[in-house]
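Take a look at the sequence and the model below.

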Amino acid sequence: MAGGGKGSGRPAKKKSPTKGTGGNVRRGLEGRGATPPAHLRHWHKDKSRTERIEREEKTGRSPSSRTPVRTRRSDDAPEHIGGRNPVVEALRAGVPASTLYVALRIDNDDRVRESVRIAADRGIAMLEVGREKLDRLTEGGIHQGIALQIPAYDYAHPEDLVRIAQEAAEVPLIVALDSVTDPRNLGAIARSATAFGAHGLVIPSRRSAGVTGGAWKTSAGTLATLPVARAANLTATLREYREAGLFVIGLDGEGTVDIGEANLLDGPLVVIVGSEGKGLSRLVRESCDLVVRIPMHAAAESLNAGVAAGIALYEVARHRRS
């Protein structure tokens with residue numbers, strides 16, 4: 001039997017490659033090309049979610065604890081308040097909300113149930129959404145499975161604040177903010193202003209915190225009753241207040257008079273609160289009738305703007321009662 005073959009006992013001759021196989025070999029060496037983007041990989045979302053859950057379980061951190069990437073928000077965009085206490089307090093205070101978002105399979109407690117009840121009574125739309133949606137709405141803030149959407153704030157005119165005091169037959173008390181850029185400070189000042197009988201806040205249109213979700217949250221709902229006015233030019237607005245008969249007092253660590261010893265506190269008044277550290281700007285300081293300070297221990301260089309405003313407004317209220 002010629003040649004090796006099956007059962008011949010001799011090895012078979014090596015078969016030569018047939019014509020035309022070179023292209024198949026080359027294509028096999030080329031690989032599969034670039035990795036497709038994440039949104040085209042059907043397994044990517046589930047894998048990412050699993051990895052995120054495992055990472056949170058190991059570190060104890062949620063996406064809300066990471067610093068979010070913030071985008072520029074337009075002035076007429078809605079705001080969102082997150083967190084069970086802030087949401088229920090805002091609803092109790094009558095904050096003009098449009099939508100209540102509740103997480104799927106949320107662990108209900110008294111605050112959640114009350115929020116849902118108030119929203120239903122007021123005809124506020126309610127949506128059940130995933131926690132990832134809440135993370136986006138609150139820009140990574142702590143929402144505890146619930147968030148409240150509020151429309152863009154409708155600012156008053158600075159002249160309106162004087163008119164509000166006159167209609168109430170009260171001595172005007174207005175709080176102005178100079179270079180206060182943290183919305184939480186604005187909210188804290190609004191809370192103190194409401195507690196001590198102020199008729200409103202004035203903020204500059206530029207380089208200042210506005211009435212955002214963070215301000216609503218810190219104010220504990222007091223921004224629902226305290227008007228906030230925007231001034232195109234704060235120094236010009238202060239000049240107009242002075243022409244209308246109001247005294248302008250600036251609060252600054254370099255003031256020459258202690259707040260408790262000022263003799264203008266029982267009259268029609270504008271109290272200006274500067275930013276922490278920088279204090280009052282030069283032009284605003286020059287617009288004041290008097291610059292006062294809060295006496296404190298030398299170890300403390302300055303006070304938070306919200307704390308300083310609360311102390312100053314308490315002194316004003318004390319003088320007006322005596």
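Which side chain does D178 join by a polar contact of 3.3 Å? The partner is S179. Keep in mind that this model is predicted.

D178 lies in strand β5, which spans residues 173-178. D178 is buried, yet it has no salt bridge. The nearest side chain of opposite charge belongs to R207, 8.2 Å away. A salt bridge needs a distance within 4 Å. Leaving out residues up to four places away in sequence, D178 touches L234, I272, V273, G274, S275, G279, L280, S281 and V284.

| Helix | Residues | Buried residues |
|---|---|---|
| α6 | 158-167 | P158, L161, V162 and A165 |
| α3 | 84-92 | R84, P86, V87, V88, A90 and L91 |

Start with α6. Why do the buried residues of α6 line one face of the helix? Seen down the axis, they fall within an arc of 95°, so they line one face. An α-helix has 3.6 residues a turn, so residues three or four places apart point the same way. The face of α6 turned away from the buried side carries exposed residues: E159, Q166 and E167.

What covers the buried residues of α6? The cover includes β5, β6 (200-204), β7 (228-231) and α9 (234-243). Strand β5 is also the place of D178.

Now α3. Its buried residues pack against β1 (79-82), β2 (99-103), α4 (110-122), β4 (146-150) and α8 (213-219).

A169 follows α6 and has a positive phi, near 55°. G94 follows α3, and its phi is positive, near 80°.

Definitions and conventions:
Residues numbered from 1 in each chain as written. Predicted model: local features only at pLDDT ≥ 70, side-chain atom pairs only at ≥ 80, totals over all residues. Heavy atoms only, no water. Helix = DSSP H or I, 4+ residues; strand = E, 2+ residues; numbered from the N terminus. Buried < 20%, exposed > 50% of the residue type's maximum accessible area, 1.4 Å probe, protein only. Lys, Arg positive; Asp, Glu negative; His and termini not counted. Polar contact = N/O pair within 3.5 Å; in protein donor to acceptor, adjacent residues only side chain to side chain. Contact = heavy atoms within 4.5 Å. Arc of directions from axis to C-beta.
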